[in-house]
Amino acid sequence: MAELVDGERVWPGMPLAHAGDITAGEGTYVWGAQLHAAVAGTVVLDRDSSPPTVCVRPSAPGASASAQPPAVGDLVTCRVARLNPRIASLDILCVGGVPLREACTGLLRREDVRAFEKDKVEMYSSCRPGDVVQARVISLGDSRAYYVTTASDELGVVFAQSAEEGTTMVPVSFEEMMCPVTHTREPRKVAKPVGAAVHAEDSEKGTGA
């Protein structure tokens, strides 16, 4: 992984550094063994602290970006805007790791959340407004809204904040995330960190997405 540079442009989900080498600041989160950007913006690196602290300062709306519109099969990074019992509306922020100049709309239907027991999926237990989700485009819907899926191990929620504290939660299974302050657990359809295992005592609950 390349060395972090102060002022470098980053996007949601982008790996920044190994978690053990640096302290997570505002606009970042730890996932697996790595520190990732939670928002699109620029790196702010404080080398005076030990270990160094990295934050991401959000970009202003309309900041320069170069990604092409999503196509079927593309991996996209999205933020959950709203949801109801049947569908979640998403803001697609990045395509293949490259930020879009302007967010477009994605739709995650209940039947596309996971590959098993689709009729038992509860949307509010899968994601919540404000979550960052990794998904894959499966079709182009009406009114320029892209249908996406999270029905794969590596797809699902990658960043979420606890309802109680607003702190960044950590994955404890394929179905739950936990607030590190209160230890309160919240249900999610959790994405498996690339190159890492979900590391809690009940991780064996998840059998895949």
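Trainee: Which residue in β5 does Tyr-29 stand opposite?
Mentor: Tyr-29 stands opposite His-36. Before we go on, note that this is a predicted model, where local features need pLDDT of at least 70 and side-chain atom pairs count only at pLDDT 80 or more, while totals for chains, interfaces and linings use all residues. Residues are numbered from 1 along each chain as its sequence is written, and side-chain values use heavy atoms, leaving out hydrogens and water.

Trainee: What makes β4 and β5 paired strands?
Mentor: Strands are DSSP runs of E with at least two residues, numbered from the N terminus. Two strands pair if DSSP finds at least two bridges between them. β4 and β5 (residues 34–37) have 4 bridges, in the antiparallel sense, so they meet the definition of a pair.

Trainee: Which strands make up the open sheet, and in what order?
Mentor: The open sheet has 3 strands in the order β2-β5-β4, with antiparallel pairing. β2 (15–18) and β4 (28–31) each have a single partner strand, so they stand at the edges and one side of each is left without a neighbour in the sheet. From one strand to the next, the twist averages 30°; axes here are lines fitted to C-alpha atoms, with angles from 0 to 180 degrees between N-to-C directions.

Trainee: What makes the backbone at Pro-51 and Glu-117 worth a look?
Mentor: Most residues other than glycine have a negative phi, and most peptide bonds are trans. The bond joining Ser-50 and Pro-51 is cis, with omega about -5°, and Pro-51 lies in the loop between β6 (41–46) and β7 (53–58). Glu-117 is not a glycine, yet has a positive phi of about 45°. His-183 also has a positive phi, about 65°, and is not a glycine; it is found in the loop between β15 (176–178) and β16 (185–187).

Trainee: Why is His-183 called exposed?
Mentor: Buried means under 20% relative accessible area, exposed means over 50%, and partly exposed is in between, with a 1.4 Å probe and protein chains only. His-183 has 53%, so it counts as exposed. Glu-117 has 42%, so it is partly exposed.

Trainee: How do you know that Glu-117 and Lys-120 form a salt bridge?
Mentor: The definition asks for a side-chain nitrogen of Lys or Arg within 4 Å of a carboxyl oxygen of Asp or Glu. The closest N and O atoms of Glu-117 and Lys-120 are 3.7 Å apart, so the pair qualifies. Lys-120, at 54% relative accessibility, is exposed. A search of the whole structure finds 9 salt bridges.

Trainee: What makes Glu-111 and Arg-86 another such pair?
Mentor: Their N to O distance is 3.3 Å. Glu-111 is partly exposed at 29%, and Arg-86 is partly exposed at 45%.

Trainee: Are Arg-188 and Asp-131 buried or exposed?
Mentor: Arg-188 is buried, with a relative accessible area of 2%, and Asp-131 is buried at 2%. Their side chains meet in a salt bridge at 2.6 Å, N to O. Arg-188 sits in the segment after β16 and Asp-131 in the loop between β10 and β11, 57 residues apart.
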